[in-house]
Amino acid sequence: KNRLTRGFGFFTDPFTGRKAHHLGIDFSGSNGDPIYAPAHATVLSIENDPFWGISLRLEHQPGSQTFYAHLRSVAVKKGQFVERGQVIAAMGASGIVSGVHLHFELTLNNREVNPEEFWLRPSEIVF
């Protein structure tokens with residue numbers, strides 16, 4: 001039900017007016033919307049800082065991580081194993097944002113990649 005509002009790549013930063021590289025993708029939504037684990041993983045970190053707000057990082061396998069930022073809350077603990085489809089957090093507007101959204105990054109072999117290249121068609125999704 002949520003829609004992609006910013007893709008991976010260069011954009012004009014609305015706060016600075018400068019060109020910046022967006023290393024993830026953003027989804028719009030409502031405050032508190034659930035966020036689900038895309039695959040089995042271990043919770044690597046949960047942090048709260050001025051820029052990202054409340055954030056969460058999962059490690060799916062060595063060299064494969066996902067990052068979630070601007071969260072309202074986190075439903076898991078550091079070191080916890082999570083299963084695909086499990087609720088891991090709630091969408092919010094923490095950190096430096098212009099509104100409620102989810103910032104999502106995918107890292108493979110220590111390099112951020114465009115998550116859109118790995119989306120499954122609805123018929124391929126199995127929980």
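L56 touches V43, S45, I46, T66, F67, Y68, L71, V74, V76, I88 and A89, leaving aside residues up to four places away in sequence. The model in which these contacts occur is a predicted one. L56 is also one of the four residues, together with L58, Y68 and I88, that touch the most other members of the largest nonpolar core, a set of 18 residues. Strand 4 (25-28), strand 6, strand 7, strand 8, strand 10 (87-91) and strand 11 are the elements that give two or more residues to this core.

**Overall architecture**

- The secondary structure of the protein chain comes to 0 helices and 12 strands, and the pattern read along the sequence is accordingly β-β-β-β-β-β-β-β-β-β-β-β.
- Of the 127 residues in the protein chain, 36% are buried, while the accessible surface comes to about 7600 Å², with 51% of that surface belonging to carbon and sulfur atoms.
- Among the contacts in the protein chain with a separation of 6 or more, 55% are made by residues 24 or more positions apart.

**Strand 11 and its partners**

- Strand 11 has 7 of its 8 residues buried, so this strand is largely enclosed by the rest of the structure.
- Strand 4 runs antiparallel to strand 11 and is joined to it by 4 bridges, and within this part of the structure F27 stands opposite L102 of strand 11.
- Strand 8 is likewise antiparallel to strand 11, with 6 bridges between the two, and here Q65 stands opposite T107 of strand 11.
- Strand 12 (residues 111-113) is joined to strand 11 by 3 bridges, again in an antiparallel arrangement, and E112 in strand 12 is the bridge partner of T107.
- The hairpin of strand 11 and strand 12 has 2 residues between the strands, and N109 in this hairpin takes a positive phi near 50 degrees.

**Aromatic cluster**

- The count of aromatic pairs comes to 3; in one of them, the ring centres of F51 and W52 lie 4.8 Å apart with the planes at 85 degrees, and because planes over 60 degrees apart count as edge-to-face, this pair falls in that class.
- W52 also pairs with F67 in an edge-to-face arrangement, at 5.1 Å centre to centre and with 80 degrees between the planes.
- F51, W52 and F67 together form one aromatic cluster, in which F51 is partly exposed with a relative accessible area of 44%, W52 is partly exposed at 23% relative accessibility, and F67 is buried at 7%.

**Buried polar and charged side chains**

- H103, placed in strand 11 (residues 101-108), has a relative accessible area of 3%, and because buried means under 20%, H103 counts as buried.
- The side chain of H103 is joined to the side chain of E105 by a polar contact of 2.8 Å.
- D33, which lies in the loop between strand 4 and strand 5 (34-36), counts as buried at 9% relative accessibility.
- The side chain of D33 reaches the backbone nitrogen of S30 at 2.9 Å.

Definitions and conventions: Residues numbered from 1 in each chain as written. Predicted model: local features only at pLDDT ≥ 70, side-chain atom pairs only at ≥ 80, totals over all residues. Heavy atoms only, no water. Buried < 20%, exposed > 50% of the residue type's maximum accessible area, 1.4 Å probe, protein only. Contact = heavy atoms within 4.5 Å. Areas by Shrake-Rupley, 256 points an atom, 1.4 Å probe, with all protein chains shown as cover. Phe/Tyr/Trp six-rings, centres within 6.5 Å; stacked < 30°, edge-to-face > 60°. Polar contact = N/O pair within 3.5 Å; in protein donor to acceptor, adjacent residues only side chain to side chain. Core = buried A, V, L, I, M, F, W, Y, C linked by side-chain atoms within 4.5 Å. Pairing = 2+ DSSP bridges.
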